[in-house]
Amino acid sequence: MDWKYRTIIEPFKIKSVEPLGFTTQEERKEVLRKADYNLFKIPADKVLIDLLTDSGTGAMSAEQWACIMRGDESYAGARSFYVFEKTIKDLTGYKEVIPTHQGRAAERILFSIVGGKDKIFLSNSHFDTTRANVEATGATAIDLPIKEALDFEKKLDFKGNMDLSALEDYLKGSNSKNIVMVILTVTNNSLGGQPVSMKNIREVSKLCKKYNTALFIDAARFAENSYFIKLKEEGYSNKTPREIAKEMFSYADGCLMSAKKDAIVNIGGFFAMKNSEWAKQAREIEILGEGFPTYGGLAGRDLEAIAQGLIEVLDEEYLNYRIMSVSYLGDGLRKHGVPIVEPPGGHAVYVNAKKFLSHIPPEAFPAQALACELYLEAGIRSCEIGSLMFGKNNNGKFIPAPMELVRLAVPRRVYTQSHIDFVVEVFEHLAKKKDRIQGLRIVEASPTLGHFTAKLIPV
Ligand code: F0G
């Protein structure tokens, strides 16, 4: 739209609403205690503003709901599958398209084919389920983000980039024959939702070709990444997000996708690739666990809604609102002296709890302490990305994660500007009394993805 006004408005009107979970502070205290200070265990109706994740929490459009009615529920060869397959082929250029119930199922199937003992996967950063699925096959997952990615205050346009010289060192190093795949996560969720530049994707692709390694894109937030390229990278301002997305996919051999993000559906995923041999093996594994390869753990209606979401998510009015509204949250926090990962990411703002709560040592989980305080104060749910998620226990010795972040992930098309203003106001209040916030201690945790179920208590 030809726009002369500063205000960026939500590019939709609301047809269906649901109530927020209002509670008293007394109630929240009890809820938190019962949930063992683990926000994954809080009933969602006790949450006022839910910023736990942007995954599967988006609002579908009227057109997507129409797709839900149109879905063909035939067991095999459903019309909805062909709609889904064609949309993904047109977007990615990959001829083999396999639906799964969500992103991690695609990871599990693909890595069980290419992974295994002694195998190595390289990435700008593996997302936690990606890493867990690599490691579950006996393989090793190595993250090679650019060094600036860990300097949270540094403002750089493409902090999601992969470190090219580190990548080449690995690709020509002594273990090079064990490297089976490079995975570019766009945007880089684990390190601040930061975008990867087209230049970086192109260079990574060149290196992969030179050293004969497959390149896959973890495309969970491919549309947001495309829009950052349009906004910030030279030569792309006149291209559409769709053209940019297609170019990104053209440099890789395949992609893994959690449709719960940039396909704006509540469940679903897929993987797509050029390699027909891998696809053949994948379909055999798919039948064992996910279902017949034309539905892969999804209903026909889900496939149809994903296809529609993949088109809507590339709409420029939508993407502009999306990126600007997340950055609006970042601006608000910064104004009240809350340290965030700079610049704000595409789907989330990450608060640097190590800096905000510098009086809490890593072994007392400062990011989790802040996440709990946010809930206690105002019923806002967020997600710890710190030592609870990534800390290690090495024979009884605690090894903290390199970062202590609280992710405020913004669901797509769900909250309005006044909800975000409220979140900012709560932080303004917390900033004034932050010295009184106390740390936590783990009383129980399982070894794999333990943060989902861990029990904690205040120290
Ligand atoms: N890759 C990335 C980059 C992700 O962010 C996620 C999920 C996955 C893969 C796995 O997909 O959940 O559909 O199985 N991220 C969610 C989050 C859980 O909150 O960031 P899934």
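I take contact to mean heavy atoms within 4.5 Å. The model I am looking at is predicted, and local features need pLDDT of at least 70, side-chain atom pairs count only at pLDDT 80 or more, while totals for chains, interfaces and linings use all residues. Residues are numbered from 1 along each chain as its sequence is written, and side-chain values use heavy atoms, with hydrogens and water left out.

**Entry 1: the cores**

I looked up Leu122 and, leaving aside its neighbours within four places in sequence, found it in contact with Ile142, Leu144, Met162, Leu167, Tyr170, Leu171, Ile179, Met181, Val182 and Ile183. Leu122 is listed with Leu167, Phe222 and Phe249 as having the most contacts inside the largest nonpolar core, which has 62 residues. By such a core I mean a set of buried Ala, Val, Leu, Ile, Met, Phe, Trp, Tyr and Cys residues joined through side-chain atoms within 4.5 Å, where buried is under 20% relative accessible area, exposed is over 50% and partly exposed is in between (1.4 Å probe, protein chains only). At least three residues of this core come from each of domain 1 (25–54 + 315–458) and domain 2 (62–312), with bounds from an automatic or database domain assignment. I also noted a second, separate core of 49 residues, which includes Ala371, Ile420, Ala454 and Leu456.

**Entry 2: the ligand**

I counted 16 residues around the ligand, the closest being Thr53, Arg104, Asp218, Ser258 and Lys261; the criterion is a residue heavy atom within 4 Å of the molecule. A polar side-chain atom of Ser258 lies 2.6 Å from a ligand oxygen, a side-chain N or O atom of Arg104 is 2.7 Å from an oxygen atom of the ligand, and for the side chain of Gln102 the corresponding distance is 2.9 Å. The ligand alone exposes 470 Å², of which the protein buries 94%, with areas from the Shrake-Rupley method and a 1.4 Å probe. Helix α4 (residues 103–114) gives the largest share of the shell, three residues; helices (H or I, at least four residues) and strands (E, at least two) are DSSP runs, numbered from the N terminus.

Leaving aside neighbours within four places in sequence, Ala106 is in contact with Thr100, Leu256, Phe270 and Phe271, and its C-alpha atom is 8.9 Å from that of Glu286, 180 residues apart along the chain.

Helix α5 (residues 128–136) is mostly covered, with seven of its nine residues buried, and these pack against α4, β3 (120–123), β4 (140–143), β5 (179–185), β6 (214–218) and α15 (387–390). After α5 comes Gly138, with a positive phi near 95°.

**Entry 3: backbone geometry in loops**

I found a cis peptide bond from Val186 to Thr187, with omega near -20°, and placed Thr187 in the loop between β5 and α7 (198–210). A cis bond also runs from Glu342 to Pro343, with omega near -15°.

Which value of phi does Asn212 have? Phi of Asn212 is near 60°, positive in a residue other than glycine, and Asn212 counts as exposed because its relative accessibility is 72%. Arg413 has a positive phi near 65°, but counts as buried because its relative accessibility is 14%.

How values were computed
Polar contact = N/O pair within 3.5 Å; in protein donor to acceptor, adjacent residues only side chain to side chain.
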